[in-house]
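Here is a short briefing on one protein chain. Look over the sequence and the model first, then work through the points below.

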Amino acid sequence: MSKKSDEKLIVAIIIIGIPLFILYKILENIIAILQNLAKAIVNNLNIIITVIVLSILIYFSNKLYPIIYFQSKKFKKLKETISDHINNCNELNQYIEELKNSYLKMSSYNYGMGEMTDNSLHNYQRSEWKNQDKSYNVHDCSASVCMNASNQPMKYLCKYFDIKKNENSLIKFEKVLNDFISVEQGKELLQKEKISILQSISKSVPFLIKKYHEKQLSKKLGFETVDISDSYIPTFSFQYVSAGGYSSTNCDIKLSIENLNNLINYLNDEIKWRKSVIGQRALMTSQLRNQIKKRDNYTCCSCSLGIEDEPNLLLEIDHIRPVSKGGLTTYENLQTLCWKCNRRKGVKVFVGF
Ligand SMILES: [Zn+2]
């Protein structure tokens with residue numbers, strides 16, 4: 001054999017031989033570990049079986065225990081003692097859901113629709129113009145309108161979403177603000193009330209149920225789920241999309257409580273009040289609501305229930321003489337009512353129409 005082929009053979013042995021040797025060593029170790037493991041299992045078989053049986057027992061008792069507990073007489077009795085409080089919470093929850101639908105029929109100003117034909121040559125089709133969103137709360141506009149809207153949101157909201165600058169609009173948004181504030185406060189008070197009810201029965205509920213089945217406990221007691229998201233708050237958008245769709249800008253105006261206050265102040269500044277009305281009317285903002293509540297000592301003017309009696313009581317502001325019957329937003333015509341009395345009064349006024 002030549003010297004060259006000898007060298008090739010040595011290199012081949014090194015390249016294939018070394019990895020094979022390493023693999024062999026690894027396998028040898030794995031087999032040794034497995035052998036030791038098998039020995040350990042055989043030696044400790046009793047312990048292992050005990051652990052498995054115990055785990056199965058713990059798992060099933062964790063599943064079974066709540067089923068047995070929630071069926072027990074003890075739990076049913078406990079549920080009965082607080083059922084009035086829970087019904088109260090659920091009623092408030094439903095009221096909050098009703099308020100979320102506060103009247104807000106606002107849409108982008110209807111300029112009418114023209115027929116558009118694109119006669120461009122093949123590569124110049126303005127495809128994005130056909131896909132423009134025609135949703136009621138989206139206004140398609142130029143980039144500069146979009147930018148101006150973000151600088152002066154209330155002005156552009158009125159201009160492009162057809163909000164008339166008159167007292168009717170003001171009354172409408174004051175009502176929406178009132179309802180949305182009640183929703184926000186109601187959600188918070190509801191959470192607090194739920195915690196205080198659960199605390200009041202805490203000593204009577206077994207530790208395991210409190211610790212591991214809290215959600216189930218609140219469901220079995222009869223609490224309805226409270227939706228704490230703010231998805232009910234509408235957003236109005238100004239949107240610019242270039243013809244080719246390569247560039248776009250967006251300005252979103254969320255009608256949050258802060259923005260509703262801004263809108264009410266803006267409308268008030270813009271309304272050309274008759275001389276006879278100037279100075280007579282107060283603005284139903286968050287600030288005024290707080291002033292009226294303080295004046296009435298955080299107590300319902302109808303049933304005399306106050307936050308001293310019920311710390312989580314939802315209080316609202318009511319027009320003594322309803323706005324629909326010519327009542328004005330003045331200090332004298334406003335009063336604090338608890339949500340139940342306010343709701344009852346609302347129904348009466350509605351039936352009266
Ligand atoms: Zn009341």
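Is Asn 297 buried or exposed? Asn 297 is exposed, because 11 other C-beta atoms lie within 10 Å and a residue with 12 or fewer counts as exposed. Keep in mind that this is a predicted model.

**The chain as a whole**

- The chain has 13 helices and five strands.
- Of its 353 residues, 16% count as buried.
- Take the contacts between residues at least 6 apart in sequence: 74% of them join residues at least 24 apart.

**Around the end of helix H12**

- Helix H12 covers residues 286-295, and Arg 295 lies in it.
- Arg 295 is exposed, because 12 other C-beta atoms lie within 10 Å.
- Arg 295 and Thr 336 are 41 residues apart along the chain, yet their C-alpha atoms are separated by 8.9 Å.
- Asn 297 sits in the loop between H12 and strand E4 (315-319).
- Asn 297 is not a glycine, but its phi is positive, at about 60 degrees.
- Tyr 298 belongs to the loop between H12 and E4.
- Tyr 298 is not a glycine either, and its phi is positive, at about 50 degrees.
- Tyr 298 has 13 C-beta neighbours inside 10 Å, so it counts as partly exposed.

**Helix H7 and its buried face**

- Helix H7 spans residues 153-160, and its Pro 153, Tyr 156 and Leu 157 are buried.
- Seen down the axis of H7, the buried residues fall within an arc of 105 degrees, so they line one face of the helix.
- Just after H7, Asp 162 takes a positive phi of about 55 degrees.

**Helix H8 against helix H11**

- Two packed helices are described by the angle between their axes and the distance between the axes.
- The axes of H8 (residues 167-200) and H11 (residues 257-270) come within 10 Å and cross at roughly 160 degrees.
- H8 is therefore roughly antiparallel to H11.
- The crossing of H8 and H11 is left-handed.
- On the H8 side, the contact residues include Leu 170, Phe 173, Leu 177, Phe 180 and Ile 181.
- On the H11 side, they include Ile 257, Leu 260, Leu 263, Ile 264 and Leu 267.
- By class, this contact of H8 with H11 has eleven nonpolar, three polar and two charged residues.

**Helix H4 against helix H8**

- The axes of H4 (residues 83-100) and H8 come within 9 Å and cross at roughly 160 degrees.
- H4 is therefore roughly antiparallel to H8.
- H4 and H8 pass each other in a left-handed crossing.
- H4 brings residues including Ile 86, Cys 89, Leu 92, Asn 93 and Ile 96 to the contact.
- H8 brings residues including Asp 179, Val 183, Lys 187, Leu 190 and Glu 193.
- By class, the contact of H4 with H8 has eight nonpolar, four polar and five charged residues.

How values were computed: Residues are numbered from 1 along each chain as its sequence is written. This is a predicted model: local features need pLDDT of at least 70, side-chain atom pairs count only at pLDDT 80 or more; totals for chains, interfaces and linings use all residues. Axes are lines fitted to C-alpha atoms, for helices over the stretch in contact, and angles run from 0 to 180 degrees between N-to-C directions. Helices (H or I, at least four residues) and strands (E, at least two) are DSSP runs, numbered from the N terminus. Angles under 35 degrees count as roughly parallel, over 145 as roughly antiparallel, 65 to 115 as roughly perpendicular and the rest as oblique. A crossing is left-handed if the near helix is turned anticlockwise from the far one by less than a right angle, and right-handed if clockwise. Two residues are in contact if their C-beta atoms, placed from the backbone, lie within 7 Å. Ala, Val, Leu, Ile, Met, Phe, Trp, Tyr, Cys and Pro count as nonpolar, Asp, Glu, Lys and Arg as charged, and the others, Gly among them, as polar. A residue is buried if 20 or more other C-beta atoms lie within 10 Å of its own, exposed if 12 or fewer, and partly exposed in between; C-beta atoms are placed from the backbone. The arc is that of the directions from the helix axis to the C-beta atoms.
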